[in-house]
Amino acid sequence: MRIEYIAIIVTIILAVAVCMCLAIANFAYDRFFETFKELDKIQISKTDYTPEKFVMKVNFKHFGGSLNFAIIEKIAGDAYGKGILFLSKSTITNCSIASFAILAHELGHALQDKEGKKLSLLTWQRRIGRILGVLFWPLLVVGAVLMLIDTNLFVIGISLIASGLAIFVFSLIIKFITIKIEKDASKKAIELLKRELNEEELKLAKKLLNDAKLTYWGDFFRSLFAWTFLTKKTTMFR
């Protein structure tokens, strides 16, 4: 095959890949929320089993009842941090597939915290990243200016720009680590749900968790392609 044809094929493949990444970056959250709204209307088959009972069961089985709880208002804003489950009113009171999937995912994070220091390490990495992130644009701008105004300052300018790019790469690494942690939490969530949901309900719960994971890929791609101005805005470290 002639090299021109190979170049055309490679270009097409790269163009398609970039378009897919941009689509994920811009529409992953919309897809998740649509799935969430759909599954939040479907009640689980165990009519006497509530999200609160599920959480308490896992709490006493895996944590000896040591997990604490805080009620929040934000819909689908459930989270876990430092031994506390932050649960929305809509999640804890609705016996839907969406509620059980979200609760199981946050309990998966609690299990991660119990098993090791992945979450605490990620928290510290993000804190360091937020401090460094303030320097990102100043380093790039000052570095570019120094390169242009004086050839004797060229090396310093390049060094500042390289430092800015290193911060950018660091932010991408943290987002990639976040994706791995979220994937593992969802895997643990499925294990917790296997005895609580029937086969069809478990399949739907997996769909919601997969769509949730896609939102983190979307955040990764928004950061990666932020310079193109073709994606929604995101923060470097969150």
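1. Lys188 is buried, with a relative accessible area of 16%, where buried means under 20% relative accessible area, exposed over 50% and partly exposed in between, with a 1.4 Å probe and protein chains only. Lys188 belongs to helix H7, helices being DSSP runs of H or I with at least four residues and strands runs of E with at least two, numbered from the N terminus. Leaving aside residues up to four places away in sequence, Lys188 touches Gly108, Leu111, Gln112 and Glu115, a contact being heavy atoms within 4.5 Å.

2. On provenance, this is a predicted model, in which local features need pLDDT of at least 70 and side-chain atom pairs count only at pLDDT 80 or more, while totals for chains, interfaces and linings use all residues. Residues are numbered from 1 along each chain as its sequence is written, and side-chain values use heavy atoms, with hydrogens and water left out.

3. Asp219 lies in helix H8 and is buried, with a relative accessible area of 4%. Its contacts, not counting residues up to four places away in sequence, are Lys175, Thr234 and Arg238. Between Asp219 and Ala162 there are 57 residues of sequence separation and a C-alpha to C-alpha distance of 23 Å.

4. For helix H8, the 26 residues at 1.5 Å a residue should span 38 Å, and the end C-alpha atoms are 37 Å apart, which agrees; the expected span is 1.5 Å times one less than the number of residues. At the start of H8, a side-chain oxygen of Asn198 comes to within 3.2 Å of the backbone nitrogen of Glu200.

5. The largest pocket has a volume of about 1300 Å³. A pocket here is an open set of points on a 1 Å grid over the protein atoms alone, where a 1.4 Å probe fits, with protein on both sides within 12 Å along at least five of seven lines, and lining residues have an atom within 4 Å of a point. The volume is the space filled by probe spheres set on the points, which are joined across faces, edges and corners.

6. Of the 41 residues lining the largest pocket, Asp78, Ala79, Glu106, Glu182 and Tyr216 lie nearest its centre. The elements that each supply at least two lining residues include helix H1 (3-39), strand E2 (79-81), helix H7 (154-193) and helix H8 (199-224). The lining divides into 18 nonpolar, nine polar and 14 charged residues, with Ala, Val, Leu, Ile, Met, Phe, Trp, Tyr, Cys and Pro counted as nonpolar, Asp, Glu, Lys and Arg as charged, and the others, Gly among them, as polar.

Note on methods
Polar contact = N/O pair within 3.5 Å; in protein donor to acceptor, adjacent residues only side chain to side chain.
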